[in-house]
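Okay, everyone, thanks for coming. Let me put the structure up, and then I'll talk you through a few spots.

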Amino acid sequence: MKLLTGLVFCSLVLGVNSRSWFSFLGEAYDGARDMWRAYSDMKEANYINADKYFHARGNYDAAQRGPGGAWAAEVISDARENIQKLLGRGAEDTLADQAANEWGRSGKDPNHFRPAGLPEKY
C-alpha cells in the first residue's frame with residue numbers, strides 16, 4: 001500500500017503524464033530487478049568487505065534506468081537500512097551503506113568500492 005501511495009505521490013509531484021507514467025513504472029520495475037540482482041550477487045559472492053560495492057552497483061544500475069529506477073533504488077535502499085537499524089545493526093555501518101547507495105545513484109563508478117580479489121564475474 002505504501003508503494004502505491006508513493007507512486008501516486010511521485011506522479012503528482014513530478015507532474016508525470018500518462019505516457020511517462022508507464023515509463024516511470026517500467027523504470028522502477030527494472031530498477032528493482034537491478035537491486036535484487038546486486039543483492040543476489042552479494043549473497044552468492046559471500047566476499048568479505050564487498051557489501052559497499054554491491055550497494056553502489058545496485059543503485060548505479062537502477063539509476064541508469066531513469067527517474068523511476070533511481071526512485072526504486074532509493075526506496076529499496078532506505079527500507080533495507082531502516083529494517084537493519086531496527087534489527088540492531090550499527091549506525092556507522094548504516095551510514096556507510098547509505099553513502100555507497102548515494103554514490104551509485106549519483107552515477108559515480110561503483111568500482112570505487114570494489115574490494116581487491118573480488119571475482120570478475122561481479
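This is a predicted model: local features need pLDDT of at least 70, side-chain atom pairs count only at pLDDT 80 or more; totals for chains, interfaces and linings use all residues.

So, tryptophan 36: its relative accessibility is 57%, which makes it exposed, where exposed means over 50% relative accessible area, buried under 20%, and partly exposed in between, using a 1.4 Å probe and protein chains only. Tryptophan 36 lies in helix α2; helices here are DSSP runs of H or I, at least four residues, numbered from the N terminus.

Residues are numbered from 1 along each chain as its sequence is written, and side-chain values use heavy atoms, with hydrogens and water left out.

Also in α2, which covers residues 18-45, is leucine 25. Leucine 25 is partly exposed, at 28% relative accessible area. Leucine 25 and alanine 72 are 47 residues apart in sequence, and 9.4 Å apart in space, C-alpha to C-alpha.

Now for α5. How far apart are the end C-alpha atoms of α5? They are 21 Å apart, and that agrees with the 21 Å that 15 residues should span at 1.5 Å a residue, the expected span being 1.5 Å times one less than the number of residues.

Which residues of α5 are buried? Those are Thr94, Asp97, Ala100, Asn101, Gly104 and Arg105. They sit on the same side of α5, because they cover an arc of only 135° around the axis, taking the directions from the helix axis to the C-beta atoms. The face turned away from that buried side carries exposed Ala91, Glu92 and Leu95. Among what covers the buried residues of α5 are α3 and α4 (67-86).

Let's stay with α3. The axes of α3 (residues 51-63) and α5 (residues 91-105) come within 7 Å and cross at roughly 35°; axes are lines fitted to C-alpha atoms, for helices over the stretch in contact, with angles from 0 to 180 degrees between N-to-C directions. Contact means heavy atoms within 4.5 Å. On the α3 side, the contact residues include His55 and Tyr60, and on the α5 side, Trp103 and Arg105 are among them.

And last, α5 is followed by glycine 107, whose phi is positive, near 95°.

Note on methods: Helices (H or I, at least four residues) and strands (E, at least two) are DSSP runs, numbered from the N terminus.
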